[in-house]
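Here is a short briefing on one protein chain. Please look over the sequence and the structure before reading on.

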Amino acid sequence: PRGLNLSRRKLTQPLPPLPPLVVDRPLRSGQQVYARERDLIVLALVSHGAEVMADGHIHLYAPMRGRAHAGKAGNADARIFCHRLEAQVLAIAGIHRTMDEPLAAGLDAGAVMVRLAGEHLEIEPLG
(Lines give C-alpha, C1' and ligand atoms only; values in the text may rest on other atoms or scores of the structure.)
Protein backbone atom coordinates (compact mmCIF):
# COMPACT_ATOMS: atom_id res chain seq x y z
CA PRO A 1 0.00 0.00 0.00
CA ARG A 2 0.97 3.53 -0.64
CA GLY A 3 2.88 5.34 2.17
CA LEU A 4 3.89 2.11 3.91
CA ASN A 5 7.65 1.79 4.27
CA LEU A 6 8.65 -1.83 4.81
CA SER A 7 12.40 -1.71 5.23
CA ARG A 8 14.42 -4.78 6.08
CA ARG A 9 16.33 -3.23 8.95
CA LYS A 10 16.98 -5.43 11.93
CA LEU A 11 15.54 -4.26 15.20
CA THR A 12 18.25 -4.34 17.84
CA GLN A 13 17.74 -4.87 21.52
CA PRO A 14 19.93 -2.98 23.97
CA LEU A 15 22.69 -5.10 25.45
CA PRO A 16 22.26 -6.15 29.07
CA PRO A 17 24.48 -4.25 31.51
CA LEU A 18 27.93 -5.66 32.07
CA PRO A 19 28.48 -7.56 35.32
CA PRO A 20 30.75 -5.89 37.88
CA LEU A 21 34.48 -6.26 37.46
CA VAL A 22 35.86 -8.15 40.50
CA VAL A 23 39.47 -7.66 41.61
CA ASP A 24 40.66 -10.19 44.19
CA ARG A 25 44.37 -9.39 44.30
CA PRO A 26 46.16 -6.53 46.09
CA LEU A 27 46.84 -3.44 44.00
CA ARG A 28 50.30 -1.96 44.51
CA SER A 29 51.53 1.59 44.02
CA GLY A 30 51.36 2.60 40.36
CA GLN A 31 48.77 0.00 39.37
CA GLN A 32 45.40 1.06 37.93
CA VAL A 33 42.13 -0.77 37.39
CA TYR A 34 39.30 0.75 35.31
CA ALA A 35 35.85 -0.86 35.18
CA ARG A 36 34.53 0.73 32.00
CA GLU A 37 30.69 0.87 31.78
CA ARG A 38 30.27 -1.18 34.97
CA ASP A 39 30.72 -1.32 38.72
CA LEU A 40 33.96 -2.37 40.38
CA ILE A 41 34.27 -4.69 43.38
CA VAL A 42 37.66 -4.85 45.10
CA LEU A 43 38.28 -7.67 47.58
CA ALA A 44 41.93 -6.90 48.43
CA LEU A 45 44.07 -4.01 49.64
CA VAL A 46 44.44 -0.93 47.43
CA SER A 47 47.87 0.40 48.36
CA HIS A 48 48.98 4.01 48.60
CA GLY A 49 49.67 5.15 45.00
CA ALA A 50 47.29 2.62 43.36
CA GLU A 51 44.14 3.78 41.58
CA VAL A 52 40.71 2.20 41.08
CA MET A 53 38.20 3.71 38.65
CA ALA A 54 34.72 2.78 37.47
CA ASP A 55 32.00 4.30 35.36
CA GLY A 56 29.58 2.94 37.99
CA HIS A 57 29.91 2.33 41.73
CA ILE A 58 33.05 1.17 43.53
CA HIS A 59 32.76 -1.37 46.37
CA LEU A 60 35.89 -1.82 48.51
CA TYR A 61 35.96 -4.72 50.96
CA ALA A 62 39.54 -4.20 52.15
CA PRO A 63 41.59 -1.16 53.22
CA MET A 64 41.52 1.64 50.64
CA ARG A 65 44.77 3.62 50.78
CA GLY A 66 45.10 4.83 47.19
CA ARG A 67 42.82 6.80 44.86
CA ALA A 68 39.22 5.94 43.92
CA HIS A 69 37.15 7.54 41.15
CA ALA A 70 33.53 6.38 40.72
CA GLY A 71 31.28 7.72 37.95
CA LYS A 72 34.36 8.32 35.81
CA ALA A 73 32.28 8.82 32.64
CA GLY A 74 30.16 11.48 34.36
CA ASN A 75 27.64 9.46 36.40
CA ALA A 76 26.92 11.81 39.32
CA ASP A 77 24.78 9.11 41.00
CA ALA A 78 27.75 6.74 41.39
CA ARG A 79 28.95 6.01 44.91
CA ILE A 80 31.95 4.60 46.69
CA PHE A 81 31.32 2.01 49.41
CA CYS A 82 34.30 1.25 51.62
CA HIS A 83 34.91 -0.93 54.67
CA ARG A 84 38.09 0.88 55.76
CA LEU A 85 38.77 4.30 54.26
CA GLU A 86 42.38 5.50 54.36
CA ALA A 87 42.36 6.95 50.83
CA GLN A 88 44.61 9.61 49.33
CA VAL A 89 41.98 10.96 46.93
CA LEU A 90 38.29 10.26 46.32
CA ALA A 91 36.34 11.40 43.26
CA ILE A 92 32.85 11.03 41.83
CA ALA A 93 32.02 12.31 38.34
CA GLY A 94 35.14 14.48 38.33
CA ILE A 95 34.57 16.12 41.74
CA HIS A 96 37.63 15.35 43.88
CA ARG A 97 38.42 15.38 47.57
CA THR A 98 41.90 14.90 48.94
CA MET A 99 42.07 13.24 52.30
CA ASP A 100 44.54 15.73 53.79
CA GLU A 101 41.97 16.82 56.34
CA PRO A 102 40.94 14.19 58.90
CA LEU A 103 37.60 12.42 58.64
CA ALA A 104 34.80 13.36 61.01
CA ALA A 105 34.70 11.45 64.29
CA GLY A 106 33.48 7.89 63.85
CA LEU A 107 34.10 7.70 60.10
CA ASP A 108 37.64 6.38 60.39
CA ALA A 109 36.63 3.25 62.30
CA GLY A 110 33.94 1.68 60.13
CA ALA A 111 32.31 1.25 56.77
CA VAL A 112 31.40 4.41 54.85
CA MET A 113 29.62 5.55 51.72
CA VAL A 114 30.86 8.45 49.62
CA ARG A 115 28.38 10.32 47.44
CA LEU A 116 28.23 13.53 45.46
CA ALA A 117 26.22 16.30 47.09
CA GLY A 118 26.14 19.31 44.81
CA GLU A 119 29.75 20.29 44.18
CA HIS A 120 31.36 18.38 47.06
CA LEU A 121 31.69 14.81 48.31
CA GLU A 122 29.92 13.66 51.45
CA ILE A 123 31.21 10.75 53.50
CA GLU A 124 28.58 8.99 55.62
CA PRO A 125 28.73 5.97 57.91
CA LEU A 126 27.19 2.73 56.63
CA GLY A 127 25.01 0.63 58.87
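How many helices and how many strands does the secondary structure of the protein come to? The count is 0 helices and 11 strands. The model is predicted. Along the sequence, the pattern reads β-β-β-β-β-β-β-β-β-β-β.

**Overall figures**

- The protein has 127 residues, and buried residues make up 39% of them.
- The accessible surface of the protein is about 8100 Å². Carbon and sulfur atoms account for 52% of that surface.
- Take the contacts between residues at least 6 apart in sequence: 15% of these join residues at least 24 apart.

**The five-strand sheet**

- An open sheet holds 5 strands in the order β2-β4-β6-β8-β9, and the pairing is mixed.
- Strands β2 (32-35) and β9 (95-98) stand at the edges. Each has a single partner strand, so one side of each has no neighbour in the sheet.
- From one strand to the next, the twist averages 10 degrees.
- In general, the strands of a sheet pair through backbone hydrogen bonds, in either a parallel or an antiparallel sense.
- β4 (residues 51-54) pairs with β6 (residues 67-70) in the parallel sense, over 3 bridges.
- Within this pair, Val52 has Ala68 in β6 as its bridge partner.

- Ile123 sits in strand β11, which covers residues 120-125.
- Is Ile123 buried or exposed? Ile123 counts as buried because its relative accessibility is 13%, and the cut-off for buried is under 20%.
- Leaving aside residues up to four places away in sequence, Ile123 touches Leu85, Leu90, Arg97, Met99, Leu103, Leu107, Val112, Met113 and Val114.
- One of these contacts, Arg97, falls within the residue range of edge strand β9 (95-98).
- Ala104 is 19 residues from Ile123 along the chain, and the C-alpha atoms of the two are separated by 8.7 Å.

**A nonpolar surface patch**

- Which residues make the nonpolar surface patch of about 280 Å²? Val22, Leu43 and Tyr61 make it.
- Val22 belongs to strand β1, residues 21-23.
- The relative accessible area of Val22 is 45%, so Val22 is partly exposed. That class lies between the buried limit of 20% and the exposed limit of 50%.

How values were computed:
Residues numbered from 1 in each chain as written. Predicted model: local features only at pLDDT ≥ 70, side-chain atom pairs only at ≥ 80, totals over all residues. Heavy atoms only, no water. Helix = DSSP H or I, 4+ residues; strand = E, 2+ residues; numbered from the N terminus. Buried < 20%, exposed > 50% of the residue type's maximum accessible area, 1.4 Å probe, protein only. Contact = heavy atoms within 4.5 Å. Patch = residues over 30% accessible without salt bridge, like charges linked within 9 Å, V, L, I, M, F, W, Y side chains within 5 Å. Areas by Shrake-Rupley, 256 points an atom, 1.4 Å probe, with all protein chains shown as cover. Salt bridge = Lys/Arg side-chain N within 4 Å of Asp/Glu carboxyl O. Pairing = 2+ DSSP bridges. Axes fitted to C-alpha atoms, helices over the stretch in contact; angles between N-to-C directions.
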